[in-house]
Amino acid sequence: MNIRLFKPSLGEEELQAVKEAFERSWVGLGPKVNEFEEEWAKFTESKLAIGVNSATAALHLSLACFNFPEGKKVLVPSLTFSATASAILYNKLIPVFVDSDPITLGLSFDDLERKYDKDCVAVMPVHYAGHPVPMEKLMPWAKAKGLRVIEDCAHTAGGIYKGKMLGTWGDIGCYSFEEKKIITTGDGGMMVTNNPDLFKDVKAMRWVGIDKDNWKTAQEYTAANHDAMHWFYELNVLGYKYNMNDLAASIGLAQFKKLPKFNKRRSDIIRRYLNGIEAIKEIKPLLPFEPENYPYQMFGIRAERRDELIIYLKTKGIATGCHYTPLSIQPLFMPYGQNCPYIEMEANKLITLPLHADLTNEEVDYIIETIVNKPF
Ligand SMILES: *Cc1c(COP(=O)(O)O)cnc(C)c1O
């Protein structure tokens, strides 16, 4: 047995989509990016979606949309991937780390209240593992405090919470199509909003400052439809090279078609895990998973003898992970951190177990059995 922790599920459909991009000989920013953006906007019921080359880029640009004055503060969970908080530093803002809710491991509302002060301008909830942050509670609180809300949806794709897609509760939602995520484009991301004014500069910011679609220029480049100024563009904003490209978007469109199937399979696997580990008293699920209600990118457990269990599982060919070392104790973020006592301790118990759409029932049963039979 050699079971991977995460694995993209790629097949003939994605290969065919890439082949078609080769045949069109257009692999940069082009019509497929546009198509994927339109599909994603429709799917999430957002007014506008913009494709970028990672969720990290999406998070960076999302904060940039608001032009917050340098040195203002942004509330962010300590238990998240580096990118959520790095985006704050990219924008010359200050991260304020928030402890985890002991049950869900999402943002702790008590700590959010404690950490808030008048210099805070935004909050970045992370739907950790795919489990929703109680947005019906967060949004009115944020509104009352005048905070902007950017949802990090890297662990979800299609999760609907109280009738509303995760990523559309806040001002902006950021999704990841990195290879370990629910669907992948190799690397990629998408940002969505229902307030298109917010994104007025985003198209330029994601493509070196130019907001003209040069693939459209190329398509219309004929004598009959000539534009004497087709070469003209203006630079009004500082742009980055953050665009999604047509190769990635082609893969993404093929993956998007499989999303319902992927999410169903992920839910089935989680149900199987939950049944299997129920009887092991010293092991608890990471959080109160609701596989019938939400798609999850990660499954995990909390175990007292975490390190021993990880090493033991490794000897049995089972890959595991720890998501995450809290950012508030990472050297980079230490000047802003060491202030989330619950998760800084609790994180020592977290183990992420294999979860991906191609994981078989036999593999899941083997993982459960191996944990049940641990020699300690
Ligand atoms: C993966 C991840 C990101 C970054 O996604 P990329 O597309 O790799 O940049 C951001 N936030 C969280 C919570 C993630 O898991």
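Entry 1, the largest pocket. I found 17 residues lining the largest pocket, and Ala64, Cys65, Asn67, Asn91 and Met205 are the ones nearest its centre. For the record, I worked on a 1 Å grid over the protein atoms alone: a pocket is an open set of points with protein on both sides within 12 Å along at least five of seven lines, a cavity is a set where a 1.4 Å probe fits but cannot get out, and lining residues have an atom within 4 Å of a point. This is a predicted model, so local features need pLDDT of at least 70 and side-chain atom pairs count only at pLDDT 80 or more, while totals for chains, interfaces and linings use all residues. Residues are numbered from 1 along each chain as its sequence is written, and side-chain values use heavy atoms, with hydrogens and water left out.

I noted a volume of about 410 Å³ for the largest pocket; a volume here is the space filled by probe spheres set on grid points, which are joined across faces, edges and corners. Its lining splits into eleven nonpolar, three polar and three charged residues. My classes: Ala, Val, Leu, Ile, Met, Phe, Trp, Tyr, Cys and Pro are nonpolar, Asp, Glu, Lys and Arg are charged, and the others, Gly among them, are polar. Helix 3 gives the largest share of this lining, three residues. Helices (H or I, at least four residues) and strands (E, at least two) are DSSP runs, numbered from the N terminus.

Helix 3 and helix 4 each bring at least two of the lining residues, and the largest share, three, is from helix 3.

Where does the ligand sit? I found it in the second largest pocket, counting a molecule as sitting there if more than half of its atoms lie within 2 Å of the grid points. Around the ligand I listed 17 residues, the closest being Thr56, Asp152, His155, Ser176 and Lys181; to be listed, a residue needs a heavy atom within 4 Å. Helix 3 (55–64) and helix 4 (82–90) each supply at least two residues of this shell. By class, the shell holds seven nonpolar, seven polar and three charged residues.

I then checked side-chain N or O atoms against the ligand. Asp152 has one 2.7 Å from a ligand nitrogen. Ser176 has one 2.7 Å from a ligand oxygen, and Lys181 has one 3.1 Å from a ligand oxygen. On its own the ligand has 380 Å² of accessible area, and the protein covers 94% of that.

Entry 4, cavities. How many cavities of 30 Å³ or more does the structure hold? I counted four. The largest cavity has about 80 Å³ of space. It is lined by 16 residues, and Lys7, Pro8, Lys181, Ile182 and Arg266 lie nearest its centre. I put seven of the lining residues down as nonpolar, four as polar and five as charged.

Most residues other than glycine have a negative phi, and most peptide bonds are trans. Asn67 has a positive phi, near 50°, and I placed Asn67 in the loop between helix 3 and strand 2 (73–77). His323 and Tyr324 are joined by a cis peptide bond, with omega about 10°. Tyr324 is in the loop between helix 10 (306–315) and helix 11 (341–346).

Notes: A polar contact is a pair of N or O atoms within 3.5 Å; within protein, one must be able to donate a hydrogen and the other to accept it, and residues adjacent in sequence count only if both atoms are side-chain atoms. Accessible areas come from the Shrake-Rupley method with a 1.4 Å probe; for residues, only the protein chains shown count as cover.
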